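Reader: I would like to go through this structure with you. Could we begin with the salt bridges and then turn to the pocket?

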Amino acid sequence: YQNLSEITSDNISKYYEIPDGVIEDASMYVSSRSESCTEVACFKLTDTNKEDELMKSVSAYLNSKLNTYKNVSGKEYKNINNSKTKEHYPYVIVVIASDSDAAISAFDSIVNSNS
């Protein structure tokens with residue numbers, strides 16, 4: 001993806017409300033263009049049993065974004081609605097993009113080649 005800016009790990013909590021102890025690391029990139037809501041976030045779970053807690057936070061975040069873009073941009077609303085998440089313990093990736101499936105495929109390639 002182009003035109004993405006990295007969000008420091010300290011600032012990811014401004015996007016996702018993740019309870020303490022659920023993740024041990026995270027990386028997030030968001031579009032630097034105001035008309036785009038493309039985002040890629042990857043979280044490293046502390047424990048396999050924490051996935052449900054993380055997914056609740058992800059769902060809440062995506063629902064909030066849907067409400068924000070509902071009457072603003074049909075294209076971006078569609079991209080958010082078609083967002084993808086994928087888990088490959090200990091990692092969970094969340095992608096909001098017009099081609100979320102391509103990002104998920106790249107994620108699968110990376111984690112499967114390192115398994």
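This is a predicted model: local features need pLDDT of at least 70, side-chain atom pairs count only at pLDDT 80 or more; totals for chains, interfaces and linings use all residues.

Reader: Which elements hold lysine 84 and aspartate 101?

Author: Lysine 84 belongs to strand β4 (residues 84-88) and aspartate 101 to helix α3 (residues 100-113), so the bridge ties together parts 17 residues apart in sequence.

Reader: Is aspartate 101 buried or exposed?

Author: Aspartate 101 is exposed, because its relative accessible area is 52%. Lysine 84, at 29%, is partly exposed.

Reader: How many salt bridges does a search of the whole structure find?

Author: The search finds five. Among them is the pair of glutamate 39 and lysine 65, with the closest N and O atoms 3.1 Å apart. Glutamate 39 lies in strand β3 and lysine 65 in helix α1 (residues 51-69), so this pair ties together parts 26 residues apart in sequence.

Reader: And are glutamate 39 and lysine 65 buried or exposed?

Author: Both glutamate 39 and lysine 65 are buried.

Reader: Changing topic, what volume does the largest pocket have?

Author: Its volume is about 160 Å³. The pocket is lined by 14 residues, of which Tyr1, Arg33, Ser36, Thr38 and Ser98 are the closest to its centre.

Reader: Where does the largest share of the lining come from?

Author: Helix α2 (residues 74-81) contributes that share, with three residues.

Reader: What is the lining like by class?

Author: The lining has seven polar, four charged and three nonpolar residues.

Notes. Residues are numbered from 1 along each chain as its sequence is written. Side-chain values use heavy atoms; hydrogens and water are left out. On a 1 Å grid over the protein atoms alone, a cavity is a set of points where a 1.4 Å probe fits but cannot get out, and a pocket is an open set with protein on both sides within 12 Å along at least five of seven lines; lining residues have an atom within 4 Å of a point. Grid points are joined across faces, edges and corners, and a volume is the space filled by probe spheres set on the points. Helices (H or I, at least four residues) and strands (E, at least two) are DSSP runs, numbered from the N terminus. Ala, Val, Leu, Ile, Met, Phe, Trp, Tyr, Cys and Pro count as nonpolar, Asp, Glu, Lys and Arg as charged, and the others, Gly among them, as polar. A salt bridge is a side-chain nitrogen of Lys or Arg within 4 Å of a carboxyl oxygen of Asp or Glu. Buried means under 20% relative accessible area, exposed over 50%, partly exposed in between (1.4 Å probe, protein chains only).
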